[in-house]
Amino acid sequence: TDMADAWAEFTRLGFEGWLVDDDEALIHLLQRLSESSSSATGVASTGIIGVSQQLTLSALEGLLAEQEGSLGVSRHSARSAYVRYLLLRGLSNLICADVLPFADLRQLKLARHGRLLLQCRQFLLPELRDSGFREALERTSSASSGEEALHLDRSLALACKEAGRCDAGGHVMIFAQAARQAMRWSGKVLRSRAPPFRVRYRDEPGQDSGGVYRDFLDTVADELMSPQLPVLIPSPNQVADIGENRETYLLSPSLKTAAGTPGRRMLLFLGQLMGTCLRRGDVLPLCLSKVVWKGLLGEQLDLKDLESFDLASAESCRHIQQLASNKDEFAEAFHELYFTARDSAGQEHELIERGRDLRVSPEKAEEYVRLTVEMRLGEAKRQLALVRAGIASVVPLEVMALWTWRCLEERITGIALISVDLLQKYAKYEGISPEAPEVGFLWQTLREMSQEDLRRFLHFVWGRNRLPQDGHPKWGEGFKIVRQATADDRWLPTAHTCFFQLDLPAYTTEEACKERILFAIRNCLHLGIA
């Protein structure tokens, strides 16, 4: 019958070939659409009825065309993606009506329906996943005037870096100086509706109208991912230059966390900065392993998560499992294997009592692998708990209960890759035509830049290293491009970071434009006017 044929076609389009990664890509697209709509209207979605509930097939076709194949959904037809969207919308509606009214978002793991809800959070529409987020922030915000200030000395941090030292005592690096000063603040400071604090650098004239604050966030992110601070360490994949996610960092499992230690102070402050980013939409451009983000959300981890930051260890565990069925081969390969394992900081752990004295037999191989994976995935649980406590002092943790780790990461760190198309989308022109030759030279120069130089350019004009999400209110009035008066090929561009503004000279050739812009961004060491 026609009805049976239609249903068969619907199920084919909605199920055939769809993977979890494809669903996450589709949800990510809807998230961008939802945020863009909220920004444009000034009205935040407060429940499941929101922009994606009104999505039509033609609107989705337009969205997919804008992505130019960059998302996982591009391998599906627009009709297939729309049917999948309808299925996801139905799931979200069902959960909204029949599950959420009976769920305590603070204790989802304690109830069976709560645990099932956590298992399907990556399939939830953004309106449902973010329901109550803005209301919770408003409910917990304070009327603090934002009068607190950090008084920082960049020369101390520079001396530590030049000497190749690690600031284990938490005294001299910018992040460490800030963490010490923030200890004295009331808990209300970082929950302020106003900018939470101002930043002052010794012997620098910058006035903090926002640019210096953003520069501070970029600076502390750079410091945290350097040998000068003991908070983060490069992942084993980064150290060995193997596997995926080679650029990521982990919380150091060797960092002391007892009361009164510098490590405890810095971890709490790191969490507070993350919470501030969640509350205000600021960007802290850290490059952390997904096990950190998953750990902050309490997601369940497995061997594939170990592989994401330590491929060699994961493959070793698989090799042990494979050879366990052959006693001779196992004995030859692992005759010196004991019930111990090293964490990412190189510290040895006994997996069972007297583990250093007990060899691993083929019969105990599965137990050894289970204990090793368990230890490695929880190696920084004490450190992670302190970061989480820092976040909780600024943002109610229940607002993140239905988020995925990717959602949490992007809300804190921004978009990792700088898209020139996205930047150009928010360009505004003052006193200069978008068709002016020098404007064309600018965009061509940016398109030819490496990601490293794009980050330098963004820092030069805005005090950031990453872009906010498309549609996020942090875009404000956009990227202002202004004609620089009485300037020619000899002049360098100038910038005003607090206004996200570039004063562009009237360059006559693309070569002159490229040369001057690269010189400016590569030699701007700190923000004098911000």
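Contact, throughout this tour, means heavy atoms within 4.5 Å. The model is predicted, so local features need pLDDT of at least 70 and side-chain atom pairs count only at pLDDT 80 or more, while totals for chains, interfaces and linings use all residues. Residues are numbered from 1 along each chain as its sequence is written, and side-chain values use heavy atoms, with hydrogens and water left out.

**First stop: Phe216 and the cores**

Select Phe216. Leaving aside neighbours within four places in sequence, Phe216 is in contact with Leu150, Leu152, Ile174, Ala178, Phe197, Val199, Tyr201, Phe269 and Leu273. A nonpolar core is a set of buried Ala, Val, Leu, Ile, Met, Phe, Trp, Tyr and Cys residues joined through side-chain atoms within 4.5 Å; buried means under 20% relative accessible area, exposed over 50% and partly exposed in between, with a 1.4 Å probe and protein chains only. The largest such core has 89 residues, of which Phe216, Met274 and Leu284 touch the most other members. Helix H12 (residues 262-280) supplies the largest share of this core, eight residues. Helices (H or I, at least four residues) are DSSP runs, as are strands (E, at least two), numbered from the N terminus. Another core, of 36 residues, lies apart from the largest one and includes Val439, Leu502, Tyr507 and Cys513.

**Second stop: Glu438**

Move to Glu438 in helix H21 (residues 437-448). With 5% relative accessibility, Glu438 counts as buried. Beyond its neighbours within four places in sequence, Glu438 is in contact with Ile432, Arg483, Leu504, Pro505, Ala506 and Tyr507.

Display helix H15 (residues 311-323) with helix H17 (residues 365-377): they pack at an angle of about 165°, their axes 9 Å apart. Axes are lines fitted to C-alpha atoms, for helices over the stretch in contact, and angles run from 0 to 180 degrees between N-to-C directions. H15 is therefore roughly antiparallel to H17. Angles under 35 degrees count as roughly parallel, over 145 as roughly antiparallel, 65 to 115 as roughly perpendicular and the rest as oblique. On the H15 side, select Ser313, Cys317, Ile320 and Gln321; on the H17 side, Ala365, Glu366, Tyr368, Val369, Thr372, Val373 and Arg376 make the contact.

**Last stop: H13 and H19**

Finally, show helix H13 (residues 290-297) and helix H19 (residues 405-413), which pack at about 105° with axes 9 Å apart. These two helices, H13 and H19, are therefore roughly perpendicular to each other. Lys290, Trp293, Lys294, Leu296 and Leu297 of H13 meet Trp405, Leu408, Glu409, Ile412 and Thr413 of H19 in the contact.
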